[in-house]
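Here is my note on this one, as promised. Have the structure open while you read, and go through the points in order.

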Amino acid sequence: MPESRPKTPGLILVTGATGYVGGRLVEALGEHPLRVRCLVRDPARFRSGNRDGIEVVRGDVLDPASLDGGLEGVDTAYYLVHSMAGSGDYAEADLEGAANFGAAAARAGVRRIVYLGGLGRGTDLSKHLESRHAVGRVLAQAGVQVIEFRASIVIGSGSLSFEMIRSLVRKLPIMITPRWVRTPAQPIAIEDVIGYLVAALAYRPSESRVFEIGGADQVSYEGIMREYASQRGLTRYMIPVPVLSTSVSSLWLGLVTPIYARVGRALVNSMRHATLVTNDDALTAFPLRPRGLRDAIARALVNEDREMAQTRWSDALSAPGPQPSVLGWGGSHFGSRIVDSRTRFVAASPDRAFAPIRRIGGRVGWYYADWLWRLRGFLDLLVGGVGARRGRRDPEQVAVGDTLDFWRVLDVEPDRRLRLQAEMRLPGRAWLQFEVDQAPGGSVVRQTAIFDPWGLLGLVYWYALYPLHALIFSGMLRRITAAATREPSPATASPGVASG
């Protein structure tokens with residue numbers, strides 16, 4: 001059995017670090033004294049809660065010339081790239097990217113590639129599953145040792161499959177379920193997937209290996225949905241039908257879940273195949289015992305709001321300049337949440353730019369259209385909500401757990417970030433986040449509003465009030481940055497006033 005900790009590993013490269021699995025892997029690696037480099041197409045999108053020891057370089061697996069520098073000096077490389085959500089032929093792009101990366105890894109003398117693929121057996125696999133297997137084969141053909149993990153459905157707040165299940169169960173009290181919903185699978189918790197990926201650093205095989213990994217339970221999508229509904233205290237009725245075309249199923253998923261129709265079609269095609277572990281070598285090769293479905297879903301539910309707070313929601317939808325980002329459904333792991341992100345440059349240091357943000361609410365107010373905020377608080381009181389009468393604990397400083405009128409502080413990082421969760425009555429859940437990043441000649445202030453609607457009523461609420469929200473949020477950001485320019489510098493600030 002391998003050691004539980006790596007033997008002084010060399011430099012580790014993670015591709016796909018801005019994705020769902022990659023982002024969580026980077027966080028896990030950051031808990032160990034390891035040298036980690038992340039290869040990303042857009043370094044500006046990369047965010048990690050633990051940046052110590054993490055190097056970020058630009059690179060694209062579809063651009064061979066961009067890979068050599070990123071792979072220089074690397075001992076182990078994690079390959080977590082997938083093109084299914086992109087445009088064009090994703091299978092062709094996946095093979096091209098894998099071939100480019102494998103060749104560059106061989107040139108750089110990389111000792112090992114660790115790859116996460118998908119379970120499934122047979123000669124008539126779906127395009128999606130066959131692509132996952134083909135990528136593993138192409139990587140191995142480059143001459144570098146490859147440790148390939150093949151997983152079934154990944155259970156975790158934010159994963160594509162789990163967000164689909166979450167949306168279906170929450171929105172549909174009665175579901176017509178086609179045959180693919182009853183196909184057997186072996187879902188695995190995201191924590192266990194990350195556990196296997198990290199454990200691969202300590203594994204010392206003599207040749208390339210493929211490991212099938214899955215949770216302790218074999219169950220179908222229907223079983224997962226029933227367990228989710230049970231833990232949420234929801235009663236859901238499922239009416240089975242013998243036939244429902246892939247096209248109709250994927251379009252339906254696109255309407256009621258966060259999955260694009262083309263992605264939904266690929267997933268539905270894959271769901272026709274059983275994804276079960278038929279070889280348990282992973283249980284003897286690695287010191288892990290994956291948890292069962294009930295525990296996996298329970299952990300996903302507990303982590304849902306925490307991961308909402310930790311995730312930089314503006315990554316996939318933000319746009320530079322003072323204009324808002326494209327408003328729409330979340331991308332890779334946003335679920336059905338709607339995101340409105342705006343940025344604005346201010347000629348002020350990060351501490352001065354953050355000062356108006358940390359004072360928001362209470363007597364200072366919300367910087368723009370305060371009468372509308374007061375009206376919203378009064379309406380909230382009328383329907384039994386908290387209203388805006390709570391104010392704030394301290395006029396200058398904020399701490400996690402503080403109330404700011406009808407918001408509560410989820411997270412605060414001095415001179416960097418403030419995250420709030422709404423506690424007013426809403427047909428959904430809402431968050432408001434402010435971030436300050438240093439920029440040449442000043443700072444960039446990013447304001448992100450996030451709304452998780454509950455069914456049709458939530459969608460109607462958001463889009464009916466969007467013109468008003470757009471007016472308020474844009475005015476708020478404009479006034480905050482204007483206030484930042486009037487902040488005294490630390491050298492001239494009064495001794496009794498805290499600066500962060």
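1. A cut-off to start with: a residue is buried under 20% relative accessible area, exposed over 50%, and partly exposed in between. Keep in mind too that the model is predicted. Take Asp415: its relative accessibility is 23%, so it counts as partly exposed. You'll find Asp415 in the loop between β17 (407-413) and β18 (417-422). Its phi is near 60°, a positive value in a residue other than glycine.

2. Why is that worth a look? Most residues other than glycine have a negative phi. Tyr367 is another one to check, with a positive phi of about 70° although it is not a glycine. Tyr367 sits in the loop between α12 and α13.

3. Now the charged pairs. Side chains of opposite charge can pair when their charged atoms come close. The count for this model comes to 26 salt bridges. One of them joins Arg299 and Glu191, with the closest N and O atoms 3.0 Å apart. Arg299 belongs to helix α11 (residues 293-310) and Glu191 to helix α6 (residues 190-199), so this pair ties together parts that are 108 residues apart in sequence. Arg299 is partly exposed at 33% relative accessibility, and Glu191 is partly exposed at 23%.

4. While you're at α6, is it enclosed or open? Eight of its 10 residues are buried, so α6 is largely enclosed by the rest of the structure. The buried residues of α6 are Ile190, Asp192, Val193, Ile194, Tyr196, Leu197, Val198 and Ala199.

5. Next, have a look at Arg358 and Glu396, whose side chains meet in a salt bridge (2.9 Å, N to O). This pair links distant parts of the chain: Arg358 is in helix α12 (residues 350-358), while Glu396 is in the loop between α13 (370-382) and β16 (403-404), 38 residues apart. Arg358 counts as buried, at 2% relative accessibility, whereas Glu396 is partly exposed, with a relative accessible area of 21%.

6. Asp295 is partly exposed, at 37% relative accessible area.

7. Back to α12, this time for its packing. Two packed helices are described by the angle between their axes and the distance between the axes. The axes of α12 and helix α14 (residues 455-485) come within 8 Å and cross at roughly 125°. That makes α12 oblique to α14. The crossing of α12 past α14 is right-handed.

8. Finally, the surface. Which residues form a nonpolar patch there? Trp371, Leu375, Phe378, Leu379, Leu382 and Val383 do, with about 620 Å² of accessible area together. Val383 lies in the loop between α13 and β16. Its relative accessible area is 48%, so Val383 counts as partly exposed.

Technical notes
Residues numbered from 1 in each chain as written. Predicted model: local features only at pLDDT ≥ 70, side-chain atom pairs only at ≥ 80, totals over all residues. Heavy atoms only, no water. Salt bridge = Lys/Arg side-chain N within 4 Å of Asp/Glu carboxyl O. Helix = DSSP H or I, 4+ residues; strand = E, 2+ residues; numbered from the N terminus. Buried < 20%, exposed > 50% of the residue type's maximum accessible area, 1.4 Å probe, protein only. Patch = residues over 30% accessible without salt bridge, like charges linked within 9 Å, V, L, I, M, F, W, Y side chains within 5 Å. Areas by Shrake-Rupley, 256 points an atom, 1.4 Å probe, with all protein chains shown as cover. Axes fitted to C-alpha atoms, helices over the stretch in contact; angles between N-to-C directions. Parallel < 35°, antiparallel > 145°, perpendicular 65-115°, else oblique. Left-handed = near helix turned anticlockwise from the far one by under 90°.
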